[in-house]
Amino acid sequence: MKKEEVEAILDQGDLRPIENYLEAVATERRLPAVAIGMCLTRMEEAAPALRALLARAANGERLSDDEARLLFRGLYILGGARDTQVCKDLLRLLRRPEAELDDLLGDGLTQDMARIVAGVFDGDVEALLSVATDRSVDQFVRDQILSAAVFLTWNGSIERDRMRGLLERFYLEKLAEDQDQAWFAWQLAIALLGLRDLASLVRRAGDEGRIPDWLRERRSFEDMLAEAEQRPDDVARFEEIRLGYIGDVLEALQWSDYDDTTDQSFDDDFDAEWTPTEPVRNPLRHVGRNDPCPCGSGKKYKKCCLAGQG
């Protein structure tokens with residue numbers, strides 16, 4: 001739903017209490033465009049309930065299915081609205097155990113969490129980067145936090161020298177295990193920020209087996225590094241790989257718009273519609289736990305190469 005369509009409804013004056021729209025966001029299985037649009041337009045009314053729900057989840061409280069759906073969609077709403085008041089609770093949530101995050105957020109964790117984090121970032125660089133360097137945090141979370149930090153460095157919210165120092169320290173102190181997903185974002189950060197002086201560390205990390213095998217395609221890294229040098233101010237470099245801010249919440253949520261009572265997702269071990277051919281050729285992309293594994297096996301990533309990292 002476009003902004004002007006929501007405004008047209010507002011002009012009609014036939015509005016329900018914000019609780020009704022929040023209930024629709026929580027209970028409707030298909031994407032409730034009007035309800036989400038109303039929450040965005042009436043953020044002053046919608047935000048307190050969304051913030052409170054996020055705080056509960058960050059505290060480890062068990063949520064009902066409807067509450068979990070509201071949390072999932074609510075994070076997009078909060079990120080799109082650039083609500084910096086929720087940054088601390090979001091970072092606390094992202095420190096929760098992997099299984100808990102998987103239940104609450106599913107592939108939303110790898111699809112758009114970097115953009116949500118960037119949108120709600122409150123300026124506390126130390127709090128943000130401490131999640132990225134914490135070995136106990138889920139590897140997909142660290143991937144997304146580092147990716148958000150790269151964009152925030154590019155737009156000036158984080159000092160470039162500070163980010164460069166973190167990336168160098170990440171390698172020197174080996175802040176992730178070999179084959180960990182966080183090395184993906186580390187490599188991506190060096191490329192997107194045009195840090196050619198750190199390119200040798202990427203080569204060494206690859207030779208040492210730190211970077212996941214299917215990400216070790218030098219040409220893609222070199223191409224992105226060259227683009228950063230040639231087009232340093234072009235935000236399209238980030239938008240092409242789904243980094244930056246969420247501009248249109250409904251558009252960002254379209255990937256999740258399906259009826260989960262009838263949707264037939266592929267089997268836990270094999271996707272009948274996925275024909276193994278050859279590895280994905282663009283390794284510098286976000287891969288969710290439930291995506292087909294980039295190795296070309298036809299299995300979900302979490303059942304294939306990710307499982308093999310344990």
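Threonine 153 lies in helix α11 (residues 139-154), where helices are DSSP runs of H or I with at least four residues, strands are runs of E with at least two, and both are numbered from the N terminus. The model is predicted: local features need pLDDT of at least 70, side-chain atom pairs count only at pLDDT 80 or more, and totals for chains, interfaces and linings use all residues. Residues are numbered from 1 along each chain as its sequence is written, and side-chain values use heavy atoms, with hydrogens and water left out.

**Overall composition**

- The protein chain has 17 helices and 0 strands.
- Of its 310 residues, 50% are buried (buried means under 20% relative accessible area, exposed over 50%, partly exposed in between, with a 1.4 Å probe and protein chains only).
- Among contacts between residues at least 6 apart in sequence, 71% join residues at least 24 apart (contact means heavy atoms within 4.5 Å).

- Threonine 153 counts as buried because its relative accessibility is 7%.
- Not counting residues up to four places away in sequence, threonine 153 touches Ile158, Glu159, Arg160, Met163 and Leu193.
- The axes of α11 and helix α12 (residues 160-172) come within 9 Å and cross at roughly 150° (axes are lines fitted to C-alpha atoms, for helices over the stretch in contact, and angles run from 0 to 180 degrees between N-to-C directions).
- The two helices, α11 and α12, are therefore roughly antiparallel to each other (angles under 35 degrees count as roughly parallel, over 145 as roughly antiparallel, 65 to 115 as roughly perpendicular and the rest as oblique).
- Their crossing, α11 with α12, is left-handed (the near helix is turned anticlockwise from the far one by less than a right angle; clockwise would be right-handed).
- From α11, Arg142, Leu146, Ala149, Val150 and Thr153 meet Arg160, Met163, Leu166 and Phe170 of α12.
- The residues of this contact of α11 with α12 divide into 6 nonpolar, 1 polar and 2 charged (Ala, Val, Leu, Ile, Met, Phe, Trp, Tyr, Cys and Pro count as nonpolar, Asp, Glu, Lys and Arg as charged, and the others, Gly among them, as polar).

**Nonpolar core and tryptophan 186**

- The largest nonpolar core has 97 residues, of which Leu90, Leu93, Leu167 and Trp186 touch the most other members (a nonpolar core is a set of buried Ala, Val, Leu, Ile, Met, Phe, Trp, Tyr and Cys residues joined through side-chain atoms within 4.5 Å).
- Helix α13 (residues 182-192) gives the most to this core, with 10 residues.
- Leaving aside neighbours within four places in sequence, tryptophan 186 is in contact with Leu146, Leu167, Phe170, Tyr171, Leu201, Val202, Ala205 and Ile211.
- Isoleucine 211 is placed in the loop between α14 (199-207) and α15 (218-230), and it counts as buried because its relative accessibility is 1%.
- Isoleucine 211 and glutamate 177 are 34 residues apart in sequence and 9.3 Å apart in space, C-alpha to C-alpha.

**Further helix pairs**

- The axes of α13 and α14 come within 10 Å and cross at roughly 155°; α13 and α14 are therefore roughly antiparallel to each other, and their crossing is left-handed.
- Trp186, Gln187 and Ile190 of α13 make this contact with Ala199, Leu201, Val202 and Ala205 of α14, giving 6 nonpolar, 1 polar and no charged residues.
- Helix α5 (residues 65-80) and helix α9 (residues 113-120) pack at an angle of about 45°, with axes 7 Å apart; α5 and α9 are therefore oblique to each other.
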